[in-house]
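Subject: Structure to look at

Hello,

Here is the structure I said I would send. Please open it first, then read the notes below it.

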Amino acid sequence: MTIVEVQDLWKRYPGSTALRGVSLQVPRGVVLGVLGENGSGKSTLLRILAGVSRPSRGTVRVLGRDPRDAAVRRHIAFLPEVTPYDPWMRVRGLLDFLQPFYPGWDSRKARILLEALQLDPDRRIGELSKGQQARLKLATAFAWPSDLVLLDEPLGGIDPPSRHRILHTLFSEFRYGEQAIVLSTHLVQEVEEFLETVVFLHHGEVTLQGSADDLRARTGKSLLELFEEVVA
Amino acid sequence: MKALWALLRREIRAHQLAFGAYFALTLLLDAFAVLTAPENPERFGLTMLPLVGLLFFAPLLLVHAFASERRNHQVYLLFALPVARWQVALIRVIANLVHTAGILVVGLGGAAWAYQRGLASEVQVSGSLALLLALGILAYLVLLYGLVLGMETLRSVPLRGRSLWGAASALLGLYLALRGAAHGLYRVLPALSLDFTFVDATGRVFQKTANLQPLEFAVVFGLLWGALALWGFHRFAEV
């Protein structure tokens, strides 16, 4: 089953065009990497998939419906690049706040996630470091059985030695079976092994897309090398 | 419903610091009114300062709520929640009403306390004057919420070219259209008027027949504008 379907997606801002005719599909259970340099349109694409921004042209369907429909967003876990939480809230308070919005929110699992990501539930969010805030965002994304997880630069702020371990723990231990995951990043090396399909974005256009294994076999290059070619 | 309640509690909590500041300012205005009224017993107007404060603080609180969340990125969280966007905006207005009610109670309570203690001139307020006052506050708040929501909607939409003149022209056109609609509506309603009597400290009696047309206009205009702004916010606002 296709979770995400995007056709000829354009996004224009006053004076610039962020996305130019992007088309892609994300089947259930797949991890898609959206790779591109800064300003390539990755965040814009994820914002539109999350239903917080509108396309200028083209169609976007999540579970067959417009993600701007509130009922669809009940199935989407969206982590923006920025920290969207109130600094005065405690970590525990944030989890309590989010719980009534999402069916199937698992408080027990949320507590275990906090432990696994070494987060103190009694600390205020404003007191957390940037890396800890990034971990908290990840904890909120995997605490309930969404159909689609959108991670926009999820490793930003997390120290390099921990990045791989955290992603590995989340994807192997905390991911709900058939969740589709869309992960945007320019840190290709850290995420390469987790990606099943990839889309390379450059100046808002898809320059290369397909199965990660196929691309490697066809070109004889790693995703990082392909990324460097696209950026160059 | 539980989700909306959680959202309302968060709204009230999130902006309580700003509310506290305006609350303190209202207390200061009260104190100023009380301290100056005995020297000018005939100047009833000074004890109305808290109300004047309310007229400024209510919009400031609402504008502050929208602006600070856009600046601090909480708007990402609110827009990503599985709640309709118009509900997010409406709950913000309700939270603002809760805060405003607090300011109003302090402002009017302070004035009433001053009268009771003889610190300000005695005023006989007729029922119709109180009604007029209540209607005035209601009209002001309705108009204000409509205008602030309208401004926020415009700010949330990436306008092509972002022409200030274009937006100003659209606003003016909309204003005139709604004004026309409101006047049309007024004409089909029976004409209303309220009499009120006001006796000041020196015993002078003022009698006035209040024409409610401006208040009605403000309420109708504010409601129409508010509904339109809410729809626009729901349909077009984005991060």
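Which residue in E7(A) does A:Gly33 stand opposite? The residue is A:Leu183. Please keep in mind that this is a predicted model.

That pair belongs to strand E3 of chain A, which covers residues 31-35. E3(A) is joined by 5 bridges to strand E7 (residues 180-185) of chain A, and the two run parallel. E3(A) is also joined to E8(A), by 4 bridges and again in parallel. There, A:Leu32 has A:Thr197 in E8(A) as its bridge partner. As background, strands of a sheet pair through backbone hydrogen bonds, in either a parallel or an antiparallel way.

Is E3(A) mostly covered or mostly open? It is mostly covered, with 5 of its 5 residues buried. This holds for both faces: A:Val31, A:Gly33 and A:Leu35 are buried on one side, and A:Leu32 and A:Val34 on the other.

Chain A also has an open sheet of 3 strands, in the order E2-E1-E4, with antiparallel pairing. Its edge strands are E2 (16-27) and E4 (57-62), each of which pairs on one side only. On average, neighbouring strands of this sheet are turned by 15° against each other, direction ignored. Strand E1 (residues 2-13) of chain A is joined to E4(A) by 5 bridges. Within that antiparallel pair, A:Gln7 stands opposite A:Thr59.

Next, two loop residues of chain A. Most residues other than glycine have a negative phi. A:Gln118, which is not glycine, has a positive phi near 55°. A:Gln118 is in the loop between helix H4 (107-116) and helix H5 (130-141) of chain A. It counts as exposed because it has 10 C-beta neighbours inside 10 Å, and the limit for exposed is 12 or fewer. A:His203 is not a glycine either, and its phi is positive at about 50°. A:His203 lies in the loop between strand E8 (197-202) and strand E9 (205-211) of chain A. With 14 C-beta neighbours inside 10 Å, A:His203 counts as partly exposed.

Now chain B. It has 8 helices and 3 strands. From the N terminus, its elements run α-α-α-α-α-β-α-α-β-β-α. Of its 239 residues, 32% are buried. Among the contacts in chain B with a separation of 6 or more, 82% are between residues 24 or more positions apart. B:Leu143 and B:Gly226 are 83 residues apart along the chain, and their C-alpha atoms are separated by 7.6 Å. B:Leu143 is in helix H6 (residues 127-156) of chain B. Why does B:Leu143 count as buried? It does so because it has 20 C-beta neighbours inside 10 Å, and a residue is buried at 20 or more.

Last, the place where the chains meet.

Regards

Notes:
Residues numbered from 1 in each chain as written. Chains lettered and ligands numbered in written order. Predicted model: local features only at pLDDT ≥ 70, side-chain atom pairs only at ≥ 80, totals over all residues. Contact = placed C-beta atoms within 7 Å. Pairing = 2+ DSSP bridges. Axes fitted to C-alpha atoms, helices over the stretch in contact; angles between N-to-C directions.
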